[in-house]
Each structure stands twice: as C-alpha cells, then as structure tokens.
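Hello,

Here is the structure I promised to pass on to you. Have a look at it first, and then read on for what turned up in it.

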Amino acid sequence: MRIVVLIKEVPDSAAKPSLNIETGLTVRQETDNAIDEINERALEAALRLAEKSENSEVALLSLSPASGEAVLRRGLAIGADSATHICDPLLVGADLGLTARALSASLQTTEFDLVIAGNSSSDSGTGAIPFMLSEILGIPCVTGLSSLEHVDSQSFLATRNTETNVETLKVAYPAIVTITESFPECRHPNFKGILAAKKKPLQAHNLSDLGLEINPEAVAYSVVLSASQRPSRAAGVKIVDSGSAAKELAHFLMSKGLLDRG
Ligand SMILES: Cc1cc2nc3c(=O)[nH]c(=O)nc-3n(C[C@H](O)[C@H](O)[C@H](O)COP(=O)(O)OP(=O)(O)OC[C@H]3O[C@@H](n4cnc5c(N)ncnc54)[C@H](O)[C@@H]3O)c2cc1C
C-alpha cells in the first residue's frame, strides 16, 4: 500500500507569525517553520496503517518555499520513506486553485492508494485543498475523520464523529481523507531516524517538471488586494455595583443598540 501524506509548512506557532501588509502573505522566515500539527497527526496515522500492512510505503508531499525541505526532512526522520517538495518562484503567493493544480499534477505522476491530509491548515485554514484534489483526481474524499482502519487491498473503514452521531464508512482505494485532532499525536524522531532521514529520497519538483505552464502575469486565480492587521480589542467596560449597576448596564446595552428603551 502506498500512502501519501500532504504536509503544509506553517510558521511555528511559538514564533508569532505576522502578515506582510504589502503582499498580503504570511511572513515566513527560513527558520521557525514547522510541519502543521494536524499533518504530523496525519503522518502518525499513515505510519500506523503502514505498520499493519505488508510492502507499505509512506510518502510526503508538500508545496512550500525553499525552507520546506527542512520541514520534509523532519517528516522523514519521524518515519516517512520518501518526500516530494514542489517549489518554484512562480508559486510565491499561490492561491488554492494553483496549489491544488500543482499538488494534483504531482500525485498524477505516482501511484497511491490513500492520500491523508489535515482537515484544515492552522494558518490559512480554508479546508478546501483536499476537496479540490478529489475533484481534479476524480477520487472519493472522506472528511473530518476520527479514525482509519485498513480492511484489505480494496478498501478501508473510516469513522467520523458528527454533532449527533458516529458514522462508519467503508471506502474503496484510492481515496483522499482528511483527519481531525481526534487522531493521536505524532511520535518524535529518534537519533537513528534523524541519521536515516539524510539518506532517504527527497525529490524537488518545479512547475515545468510537473508539466504545468503558468503565465507569470496571471499566476493565481485570486490575489490579495489589500490586507490590514486586525485592530486589537478595546478594553471592556467594568461596572462596579454601588447601587446603580442595573441602570448603568441597561444604558450600556442601549448605547450599543442591544436593548430597546421600550
Ligand atoms: C513560495 C510559496 C509561498 C507560500 N506562501 C504561503 C503563505 O504565505 N501563506 C499560506 O497560507 N500559504 C502559502 N503557501 C502555500 C499555498 O498557497 C497554500 O498551501 C494553499 O493556499 C492552501 O491553503 P490552506 O492553508 O487554506 O489549505 P487547507 O485546505 O486549509 O489545508 C488542508 C490540508 O491540505 C493539505 N495542504 C494544504 N496546503 C498544502 C501545501 N501547500 N502542500 C501540501 N499539502 C497542503 C494539508 O494536509 C492541510 O492540512 C505558499 C506556497 C509557496 C510555494
């Protein structure tokens, strides 16, 4: 079984990411980048599935700036067998459409049974990429899973917890799934894994390797026109009860249009 884990490189949450107001893009340093936590869980899920079936391979796929290579090496140290890094200067500012086209072009060059993605990234968080890949590749997309179980070479079982019920689905390979934080945390890389990762295959692909022709004048279908820092929250109003708190509270609510005088 060949499992591909989609890895999004995100600014490390401890590094307080900021926005470049001119470009509308997240400021990404060469360091301080990490595998998105939900994607680490996806990798753990893939490794557990692979451990239970013979001749399995776990491959990583990421579209990210040059710094993404170090992030993929960490995934290889954790236990993945190989990695593909899509990186091209024309992809700076790639929107969802372009990202999905590039990822699917790469997936079309290889064989796979299962693609595991996070339900939503922690920085942009549209949660749209997996659906877009499913549409382009013409394979089922099963989302928001809380567990995964390999059945046989034809199918797997997937569990999804909704607000009212727990659904169990039987899905045919090949498919794409998205997982939630119900999945276990990822194991840590050990020293042996870190050394082994240096020798594992990590392929770099640019757009022409993928056969994608992009007009540099119209790289993305959508572009950020303006971006501004959200104003910080104003301090709240504290009403101390010295006998007239109810009246003051009513006045406050009326001033905000939340309470009618009548
Ligand atoms: C040079 C360069 C610069 C970039 N700069 C930015 C940036 O500043 N901000 C930004 O948000 N994005 C950036 N990207 C990546 C790309 O634009 C986003 O990945 C894309 O828009 C996905 O949106 P999302 O985070 O809402 O995905 P979601 O749909 O929320 O992600 C859901 C899941 O899809 C998978 N996925 C999403 N994106 C990728 C990816 N790139 N590679 C592999 N798997 C993925 C993951 O498994 C993820 O958990 C950059 C890419 C390149 C090449």
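Arg-48 forms a salt bridge with Glu-44, and the closest N and O atoms of the two are 2.7 Å apart. Please keep in mind that this is a predicted model. Both residues sit in helix H1, which runs over residues 37-52, and they are 4 residues apart, about one turn of the helix. In general, an α-helix has 3.6 residues a turn, so residues three or four places apart point the same way. Side chains of opposite charge can pair when their charged atoms come close.

Are these two partners buried or exposed? Glu-44 is buried, because its relative accessibility of 3% falls under the 20% cut-off. Arg-48, in contrast, is partly exposed, with a relative accessible area of 38%.

Glu-44 has another partner too: its side chain meets that of Arg-187 in a salt bridge, 2.9 Å from N to O. Arg-187 lies in the loop between strand E10 (175-179) and helix H5 (191-197), while Glu-44 is in helix H1, so this pair ties together parts that are 143 residues apart in sequence. Arg-187 is partly exposed, at a relative accessible area of 29%.

The side chain of Arg-187 also meets that of Glu-51 in a salt bridge, again listed at 2.9 Å from N to O. Since Glu-51 is in helix H1 and Arg-187 in the loop between E10 and H5, this pair ties together parts that are 136 residues apart in sequence. Glu-51 is exposed, with a relative accessible area of 56%. Through shared partners, the salt bridges join Glu-44, Arg-48, Glu-51 and Arg-187 into one network. In total, the structure holds 8 salt bridges.

How many disulfides does the structure hold? The count is 0. As for cysteines, Cys-87 is partly exposed at 26% relative accessibility, and Cys-186 is buried at 12%.

Next, do look at helix H3, which covers residues 96-107. Its 12 residues reach 16 Å from the first C-alpha to the last, close to the 16 Å expected at 1.5 Å a residue. H3 is mostly covered, with 10 of its 12 residues buried. Among them are Gly-97, Leu-98, Thr-99, Ala-100 and Ala-102, as well as Leu-103 and Leu-107. What lies over these buried residues? The cover includes strands E1 (2-6), E4 (57-63), E5 (82-86) and E6 (114-118), together with helix H4 (129-137).

One of those strands, E4, is also the place of Ser-62. Ser-62 is buried, with a relative accessible area of 1%. Its side chain is joined to that of Ser-64 by a polar contact of 3.3 Å. Leaving aside residues up to four places away in sequence, Ser-62 touches Ile-7, Glu-9, Leu-72, Thr-84, His-85 and Ile-86.

Best wishes

Notes. Residues are numbered from 1 along each chain as its sequence is written. This is a predicted model: local features need pLDDT of at least 70, side-chain atom pairs count only at pLDDT 80 or more; totals for chains, interfaces and linings use all residues. Side-chain values use heavy atoms; hydrogens and water are left out. A salt bridge is a side-chain nitrogen of Lys or Arg within 4 Å of a carboxyl oxygen of Asp or Glu. Helices (H or I, at least four residues) and strands (E, at least two) are DSSP runs, numbered from the N terminus. Buried means under 20% relative accessible area, exposed over 50%, partly exposed in between (1.4 Å probe, protein chains only). A disulfide is a pair of cysteine sulfur atoms within 2.5 Å. The expected span of a helix is 1.5 Å times one less than its number of residues. Contact means heavy atoms within 4.5 Å. A polar contact is a pair of N or O atoms within 3.5 Å; within protein, one must be able to donate a hydrogen and the other to accept it, and residues adjacent in sequence count only if both atoms are side-chain atoms.
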